[in-house]
Amino acid sequence: MAADAAGPERYGCVHYRRKCKIRAPCCGEVFDCRHCHNEAKDSLEVSIHGRHVVPRHEIKLVICSLCNKEQDVQQDCSNCGACLGKYFCAKCNLFDDDVSKNQFHCDGCGICRQVLHTCQNLSEIFGFCFLLSVLRYHCFYRTGGIENFYHCDKCGCCYTYLLKDSHLCVDRAMHQNCPVCFEYLFESTKAVSVLHCGHTIHLQCLYEMRAHQQFSCPVCLRSSCDMSAMWQKLDQEVAASSMPAICQKKMIWILCNDCGMTSNVQFHILAHKCPGCSSYNTRQTRGDKAECSRV
């Protein structure tokens with residue numbers, strides 16, 4: 001009891017508050033948790049031949065932080081009786097004293113999940129200006145409460161129920177690296193965004209893209225959110241920017257990244273609108289921008 005009263009801050013690491021360490025089955029070394037192991041053993045400082053991550057399901061031994069007793073994986077210490085973690089999962093060997101995360105084990109994922117916050121637009125988190133407040137998309141921290149999540153078999157991951165009838169399924173969408181930072185998304189503890197196209201990306205990486213005026217999916221180039229308000233603003237800017245007579249008859253071929261339609265449209269220095277879906281997320285496929293037909 002005296003040890004428990006000492007406070008959870010004394011034990012654990014930056015990833016988990018708990019009263020045990022693990023012995024990694026891969027290298028036999030002791031670490032506070034699997035994340036601590038992976039940060040030390042799978043970093044750029046380690047030779048490429050020595051890099052590895054700990055297989056969480058193969059962890060067999062833990063060390064009590066109170067009495068240093070090494071033992072089989074179990075919730076209570078076999079020597080001093082201390083609770084090694086208020087949340088304990090025997091399937092993936094997870095201990096955590098911070099039960100406010102509302103952790104749960106997903107048999108479909110094969111690991112534990114946890115979601116602290118769910119949102120549908122950037123302005124809820126970052127307080128962005130009007131430009132970002134209209135760019136709606138789905139993002140979530142996969143932490144918190146089995147009742148708030150379901151397992152999407154096609155995407156291969158737990159998603160918030162807000163996405164159940166609205167997201168576009170992509171085969172094993174979460175079993176990919178983030179297209180910006182290349183961290184494996186399936187096991188990432190960071191907030192994840194599901195774009196309109198169904199591809200996934202870290203929320204922080206999406207935020208950095210927005211800061212650099214990048215609004216298309218890095219994987220398929222489709223608009224990553226609802227851009228209708230921006231297309232209306234571009235309509236006004238294109239209408240207010242007349243082209244010189246030498247370029248008014250120039251036509252070019254464009255491909256729409258949103259609907260896939262190929263069109264022959266009038267050249268404009270600002271942007272080219274898809275006649276099919278009214279998107280400006282297009283790219284030129286034929287025609288030389290530098291040349292304008294002479295009258």
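**First look**

I began with burial: 42% of the chain's 295 residues count as buried. I am working from a predicted model, and I keep that in mind throughout. Next I looked up the surface, and the chain exposes about 15,500 Å². Carbon and sulfur atoms supply 50% of that area. For secondary structure, I noted six helices and 17 strands.

**The cores**

I then turned to the nonpolar cores. The largest one has 26 residues. Which of its members touch the most other members? I wrote down Cys109, Cys157, Tyr159, Met174, Phe186, Leu195 and Ile201. I also checked which elements each give at least two residues to this core: they are strands S7 (104–106), S11 (149–152), S12 (157–160) and S13 (192–194), together with helix H5 (203–211). There is also a second, separate core of 19 residues, and among its members I found Tyr16, Cys20, Leu94 and Phe95.

Leaving out residues up to four places away in sequence, Ile201 touches Cys178, Pro179, Val180, Leu185, Ala191, Val192, Ser193, Leu195, Leu206, Met209 and Pro218. Leu195 in that list is, like Ile201 itself, one of the core residues that touch the most other members.

**Rings and charges**

How many aromatic pairs are there? I count five. One of the rings I followed up is that of Phe88, whose centre lies 4.9 Å from that of Phe95. Are the two partners buried or exposed? Phe95 has a relative accessible area of 0%, so Phe95 is buried. Phe88 is at 23%, so Phe88 counts as partly exposed.

Arg113 lies over the face of Phe186, 4.7 Å from the ring centre. Phe186 was already in my notes from the largest core. Lys164 lies over the face of Tyr150, at 5.4 Å from the ring centre.

**His37**

My last stop was His37, which sits in helix H2 (residues 34–41). Its relative accessibility is 0%, so I put His37 down as buried. What does His37 contact, apart from its neighbours within four places in sequence? I listed Ala24, Cys26, Cys27, Phe31, Asp42, His52, Val53 and Val54.

How values were computed. Residues numbered from 1 in each chain as written. Predicted model: local features only at pLDDT ≥ 70, side-chain atom pairs only at ≥ 80, totals over all residues. Heavy atoms only, no water. Phe/Tyr/Trp six-rings, centres within 6.5 Å; stacked < 30°, edge-to-face > 60°. Buried < 20%, exposed > 50% of the residue type's maximum accessible area, 1.4 Å probe, protein only. Lys NZ or Arg CZ within 6 Å of the ring centre and 35° of its normal. Helix = DSSP H or I, 4+ residues; strand = E, 2+ residues; numbered from the N terminus. Areas by Shrake-Rupley, 256 points an atom, 1.4 Å probe, with all protein chains shown as cover. Core = buried A, V, L, I, M, F, W, Y, C linked by side-chain atoms within 4.5 Å. Contact = heavy atoms within 4.5 Å.
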